[in-house]
Amino acid sequence: MIDLHCHIDLYPDPKEIIAKCAQKKAFVLSVTTTPSAFKITNSLSEGHDRIRTALGLHPQIAHERYGELNIFEEFIPDVRYLGEIGLDGSKFSKQHFDIQLKVFREILQMSAKHGGRIMSIHSRSAATDVIKALKQFPNAGVPIFHWFSGTSNELIEAIELGAWFSINPAMTKSQKGRSIIELIPPDKILTETDGPFLTENDIPLYPWDSVLSYPTLANIWKITIDEVHQKLLDNLRKLTSQI
Ligand code: MN
C-alpha cells in the first residue's frame, strides 16, 4: 500500500508506526510541518527504504515559523520531497495569508533553484492561489495536491498544469470527493491518509489504512482491487522517476 501524505512524527509512538509500515511493506511519505522537525523525523525511518521524509513548513503555522526558512534552505539540497507546504485560505488561517504566500513562494523558488522537488501541497480554500504560485515557478518540481477540495474549475486547471493528486478515505466517502476523484486522470492519482489528523470513529488513520480508498478506485476505474494496487505502484514509480 501507498500513503503519500501522513505525519508519522505526530503519532504518539512513531517508532511503532514505522515498524508496522516496514512489516507491511508500505510505501510512505512522512511529511513534516516545521523545518526544525525534519532532522529527527528523517532519522526515525533510517534504514527503511520505503519510508521517505519530506521537508515541510505547514501554511497554517507559516506566520509562527517563517524564521525557520533558513533551516529549510540548509536541508533542501539533500531531500527529494517537500511537504507539507502550500496555502490555507480557510477562515482561521486567512488572516495570515500574506505571510503564507511569501513563505510558499520562497520555498518554490528554493526548490526551482535546486532543480525541482516532489511536493506534497496543502490547498484548502486556496487552490487558485496555489496554482498561480506554481505557474510563477514552473521549475519548482512536481506538485501533488494533497486532499484536494477546490472547485471543478480549479481541479481542471490543476490537471492542466500536470499536477498529481493524493486522495484519502474521507474523500471517497463524500459525493464531492468522489466527483473530484472521477475527474482526475487515473495516471495522476496516489493514495494518502493524512494520519493522524484524519480519523475514523475517533481513531486516527494509520498509513496502511490507505487501502480503505481502494474499493472506490476499483469502482471508478472499473478494475479489481489487485489491479488498483498494481496501478498505484506503477503511478508511484512514474512519479518518482520525474525528479
Ligand atoms: Mn497533512
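**View 1. Four protein side chains hold the manganese ion.** The donors (N, O and S atoms within 2.8 Å of the metal, or 3.2 Å for Na, K and Ca; water is not among the atoms, so sites may look incomplete) are His5 (NE2), His7 (NE2), Glu84 (OE) and Asp194 (OD), at 2.2 to 2.3 Å from the ion. Along the chain, their spacing reads H-x1-H-x76-E-x109-D. His5 belongs to strand E1 (residues 2-6) and Glu84 to strand E4 (residues 81-86), so this pair ties together parts that are 79 residues apart in sequence. Strands (E, at least two residues) and helices (H or I, at least four) are DSSP runs numbered from the N terminus.

This is a predicted model, in which local features need pLDDT of at least 70 and side-chain atom pairs count only at pLDDT 80 or more, while totals for chains, interfaces and linings use all residues. Residues are numbered from 1 along each chain as its sequence is written, and side-chain values use heavy atoms, with hydrogens and water left out.

View 2. His5 is buried at 0% relative accessibility, and Glu84 is buried at 2%. Buried means under 20% relative accessible area, exposed over 50%, and partly exposed in between (1.4 Å probe, protein chains only).

**View 3. Gly86 sits in strand E4.** Gly86 is buried, at 5% relative accessibility. Beyond residues up to four places away in sequence, Gly86 touches (contact means heavy atoms within 4.5 Å) Pro59, Gln100, Phe104, Ile121 and His122.
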